[in-house]
Amino acid sequence: MMRVLVCALAILSTVAAQKELHYVPGHDGMVHLFEWKWHDIADECERFLGPMGFGGVQVSPIQENVIVGSRPWWERYQPISYKWYTRSGTPDEFREMVRRCNNAGVRIYVDVVFNHMTGDHDNAKGTGGTTADTHGFSYPGVPYSQYDFHYPPCAINNYQDPANVRNCELVGLHDLDQSKEYVREKIVNFLNEAVDAGVAGFRVDAAKHMWPEDLKTIFSRLKNLNPEHHFPSDARPYIVQEVIDYGGEAISKYEYNSFGAVTEFRYGMEISNSLNGNNPLKWFVNWGEAWGLLPSQDALVFIDNHDTQRGNPNILTYKSSKLYKMAVAFMLAHPYGTARIMSSFKFDTFDANPPQDSVGNLLSPTINPDDTCGNGWVCEHRWRQIYNMVRFRNAANNTDVNNWWDNGQNQIAFCRGNAGFIAINGDKYDLKQTLFTCVEPGTYCDVISGNLENNKCTGKVVTVDQDRKAYIEIPLNQEDGVLAIHRGAKVKS
C-alpha cells in the first residue's frame with residue numbers, strides 16, 4: 001500500500017512540476033516573439049528582455065514546415081518533418097539562441113505542432129528541403145506513412161462530438177494518431193531533443209484535438225530539463241496546452257489541467273469585452289476562478305494571441321493601442337495566471353506574411369531611438385506602458401490584490417501588498433480621486449507615463465502622504481488610461 005502511495009505521489013509531483021515555469025528569480029512575464037529569427041531573439045534576450053526582467057519567450061514552431069506560395073504565417077503550423085529548419089534559422093542557430101537567452105536569465109518555450117502534419121499540397125516541399133507525398137500521407141522526413149494517421153480521413157464538423165474533434169482533420173490537416181506507439185516515440189524524441197538544447201518547456205498547439213490520455217503519456221516520457229542551462233537537476237518541462245474553451249462544447253479545458261497548464265482563452269475575451277464598454281470594470285473585484293476560469297497555477301493568460309488578433313474582432317489588439325495597453329496593464333498588475341504578452345508584426349489581412357524580403361527571407365526588426373521597433377514589427381513588449389508593467393509585476397511578486405476601489409462603474413484601483421498600486425480609468429470622464437495606495441510615503445514615478453531616471457521622473461509624479469494616500473488623476477484626454485507606481489520606482493529623498 002505504501003509503495004502504491006509513493007508511486008501516486010511521484011506521479012502527482014511530476015504533473016505539478018509541469019506547471020512550473022522555472023523563471024530566474026527577479027524575472028516574470030512571457031513574451032511571444034511571433035515569427036522572429038533565432039539570432040534576433042538571442043540579441044533581444046541580451047539587450048532588452050533580460051535587463052527588463054522578462055521571464056521567458058515563446059518562440060515560433062521549430063520543426064520544418066511546408067512552403068506555401070504566398071508565405072502566410074500559418075505555414076509554420078503545417079509540419080513536413082521534425083527537423084529544425086525554418087525561416088527562423090538552423091538547428092545550430094536555435095541552440096545558440098537558447099544558450100544565450102538562458103545566460104541572460106530568459107527562458108525559452110517552444111510552440112510545438114504534433115497533432116497533425118500538413119494538409120494536401122502538390123509537390124510539397126519543406127523549409128529544409130524535405131519533400132512529401134501529402135496526398136498519399138507519406139512523410140519520409142520523419143518517416144510517417146498512412147498507417148500513422150487517423151485513416152481514412154474525416155473532417156471536423158461537430159464540436160459536440162469529442163471523437164470527431166480528436167480523430168478527424170482540423171481544416172484539412174492530416175491528423176496523427178497519438179495512441180500509436182511509433183507516433184508517440186517520434187513525438188517524444190522530437191521534444192526531448194529540444195529539452196537537451198536547454199528549452200524550459202512547450203506550448204502544445206491544438207491540444208484540444210488530441211486525447212488527454214495520449215498527451216499525458218507523451219509528457220510523462222519527457223526528460224528532466226538540462227541542468228547545463230541553469231535548471232535544477234530534477235526540473236520538469238513546463239507544459240501549456242492550447243485548448244480553446246469558451247464554453248458550450250463537448251471538450252473542456254478541465255480535461256487537460258491535471259497534467260499541465262492550459263491556455264485560458266476566456267481571459268482576454270472578458271477583459272476586452274469590459275474595456276470595449278460591455279461590462280463595468282468594477283466586476284473584476286473577484287477576477288479569477290470565480291469567473292469560471294481555471295485555477296491560477298493552471299492558466300496561461302493573455303489579452304490576444306496570434307490567432308485571436310486575426311480571427312476575433314472583439315479581442316483588443318495593438319490596433320486599439322490605448323485600450324490594449326490598459327488591458328495588458330491590468331493583466332500584468334493582477335496576480336492571476338501566468339501572463340503572456342503578444343509581440344506582433346503589422347498586418348492588414350488574416351493571411352498576411354511576416355516582414356520578409358523579395359525571396360521570402362524573414363526581416364529582422366530594427367530598433368528605433370525610443371526603443372520601439374520598425375521594419376514592419378510592432379513589438380508591443382517594447383512599449384513603455386507594457387515593459388514597465390513587467391517590472392511592476394516583478395516588484396509585486398508574491399503579493400495579493402488588496403484595497404480594491406471602484407467608482408461603481410469603470411474606474412478601478414487596487415494594491416499589490418504594499419509593493420505597488422494601479423488605477424485604471426475606463427469611464428467616459430476624468431478620474432480625480434485621493435486614494436489609499438498601500439505603498440510607503442514618498443515620491444513615486446508613474447511608470448506608465450515615464451521612467452525613473454537619475455532619481456527623477458520623466459513622466460507623472462505621484463506623492464504618497466503619511467497616510468499612504470495620494471491624489472490620483474487620469475484625465476480622459478490623456479494618451480494612457482492607466483497610472484501605476486511601485487516600490488522600484490520611488491524617488492530617493
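**Burial and helix packing, term by term**

Biologist: Why is glutamate 44 called buried?

Modeller: Its relative accessible area is 0%. Buried means under 20%, exposed over 50%, partly exposed in between (1.4 Å probe, protein chains only). So glutamate 44 counts as buried. This is a predicted model: local features need pLDDT of at least 70, side-chain atom pairs count only at pLDDT 80 or more, and totals for chains, interfaces and linings use all residues. Residues are numbered from 1 along each chain as its sequence is written, and side-chain values use heavy atoms, without hydrogens and water.

Biologist: What is glutamate 44 in contact with, leaving aside its neighbours within four places in sequence?

Modeller: Leu33, Trp36, Leu49, His381 and Arg382. Contact means heavy atoms within 4.5 Å.

Biologist: Why are H7 and H9 called oblique to each other?

Modeller: H7 (residues 265–275) and H9 (residues 321–333) pack at about 130°. Under 35 degrees is roughly parallel, over 145 roughly antiparallel, 65 to 115 roughly perpendicular, and the rest oblique. Therefore the pair is oblique. Their axes, lines fitted to C-alpha atoms over the stretch in contact, with angles from 0 to 180 degrees between N-to-C directions, lie 10 Å apart.

Biologist: Which residues make the contact?

Modeller: Tyr267, Ile271 and Leu275 of H7 meet Leu323, Met326, Ala327, Phe330 and Met331 of H9.

Biologist: What makes H9 largely enclosed by the rest of the structure?

Modeller: 10 of its 13 residues are buried, so H9 is largely enclosed. Among the buried ones are Tyr324, Lys325 and Phe330.

Definitions and conventions. Helices (H or I, at least four residues) and strands (E, at least two) are DSSP runs, numbered from the N terminus.
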